[in-house]
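Good morning, everyone, and thank you for making time for this. Please keep the sequence and the structure open while I talk, and follow along as we go from one part to the next.

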Amino acid sequence: GGGYAGSAGGGSVQSLDAIDLQALPRITTGSSELDRVLGGGLVPGSVILIGGHPGAGKSTLLLQTLCRLSPSVPALYVTGEESLQQVAMRADRLGLGKQSLPLMAETHLETLLATAQTRKPKVLVVDSVQVLHTDGVSSAPGSVSQLRECAALLTRFAKQTDTVVMLVGHVTKDGTLAGPKVLEHMVDCSVMLEGSSDSRYRTLRGHKNRFG
């Protein structure tokens, strides 16, 4: 574990009045509505959880966002839920097919992090956190121990590299996020995408935001 904010400071002590608040400019998502829900855009080094029912449109929202960002901001979209062909077909249906967005199909966390260390994206999407597995935990993907350890390692990566990490989390039938308490307290920002797959409208609701 140990994905805590303390790991980012390197042990240096600074006076409160000397800290530069302009040092971390937010990255705009290219959508004023999404920026507003996020409190003004993406904060470098933050971990954002996008929750919702399967079919609510989480993957679609994030694919659209990364395709808007990728011409100007290094991005990486990691899918563990779909094949690269399925993601490409979704992008094509959305009219996004001509973007040079880096895609990766991976569920092994160590491989994912090694690739992210090499490619150095500013924004990393992991779809979804529930299918990840790390070598340090023997239980099945989606178990609380796997979720906790994978989220901790991704949080540490975000803080140490100033990467925005966006995690997709599926909500179960009873309306709770799988391992909700585990993830909610570890992330900086938690938003829920609500609305049924047969409705034209979706609501993106902020549940928690350390930068709000």
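This is a predicted model: local features need pLDDT of at least 70, side-chain atom pairs count only at pLDDT 80 or more; totals for chains, interfaces and linings use all residues.

Let me begin with a definition: when I say contact, I mean heavy atoms within 4.5 Å. With that in mind, which residues is Val125 in contact with, leaving aside its neighbours within four places in sequence? They are Leu62, Leu66, Leu76, Tyr77, Val78 and Met166. One of these, Tyr77, is 48 residues away from Val125 in sequence, and yet the two are 4.9 Å apart in space, C-alpha to C-alpha. Val125 lies in strand β4, and it is buried, with a relative accessible area of 0%; here buried means under 20% relative accessible area, exposed means over 50%, and partly exposed is in between, with a 1.4 Å probe and protein chains only.

Residues are numbered from 1 along each chain as its sequence is written, and side-chain values use heavy atoms, with hydrogens and water left out.

Now the overall layout. The chain holds six helices and seven strands, where helices (H or I, at least four residues) and strands (E, at least two) are DSSP runs numbered from the N terminus. Read from the N terminus on, the elements follow the pattern α-β-α-β-α-β-α-β-α-β-α-β-β. Of the 212 residues of the chain, 44% count as buried, and residues 24 or more positions apart account for 67% of the contacts with a separation of 6 or more.

In what order do the strands of the sheet lie? The sheet is open, has seven strands with mixed pairing, and runs β3-β2-β4-β5-β1-β6-β7, where two strands pair if DSSP finds at least two bridges between them. The edge strands are β3 (103-105) and β7 (203-209), each of which pairs on one side only. From one strand to the next, the twist averages 20°; for angles like this, axes are lines fitted to C-alpha atoms, for helices over the stretch in contact, and the angles run from 0 to 180 degrees between N-to-C directions.

Let us look at strand β1 in more detail. Five bridges join β1 (residues 47-52) to β6 (residues 189-194), and these strands run parallel; in β6, Cys189 is the bridge partner of Ile48, and Leu193 is that of Gly52.

Nine of the 12 residues of α2 are buried, among them Leu61, Leu62 and Leu66.

How do α2 and α3 pack? The angle between α2 and helix α3 (residues 84-93) is about 75°, with their axes 11 Å apart, and the two are therefore roughly perpendicular to each other, since angles of 65 to 115 degrees count as roughly perpendicular, under 35 as roughly parallel, over 145 as roughly antiparallel and the rest as oblique. At this contact, Ser59, Thr60 and Leu63 in α2 meet Val87, Arg90 and Ala91 in α3.

Finally, some details of the backbone. A cis peptide bond, with omega of about 10°, joins Asp127 and Ser128, and Ser128 has its place in the loop between β4 and α5 (144-161). Lys120, in the loop between α4 (109-119) and β4, has a positive phi, near 50°, in a residue other than glycine, and Lys120 is exposed, with a relative accessible area of 58%. Asp162 has a positive phi of about 60° although it is not a glycine; Asp162 sits in the loop between α5 and β5 and is partly exposed, with a relative accessible area of 38%.
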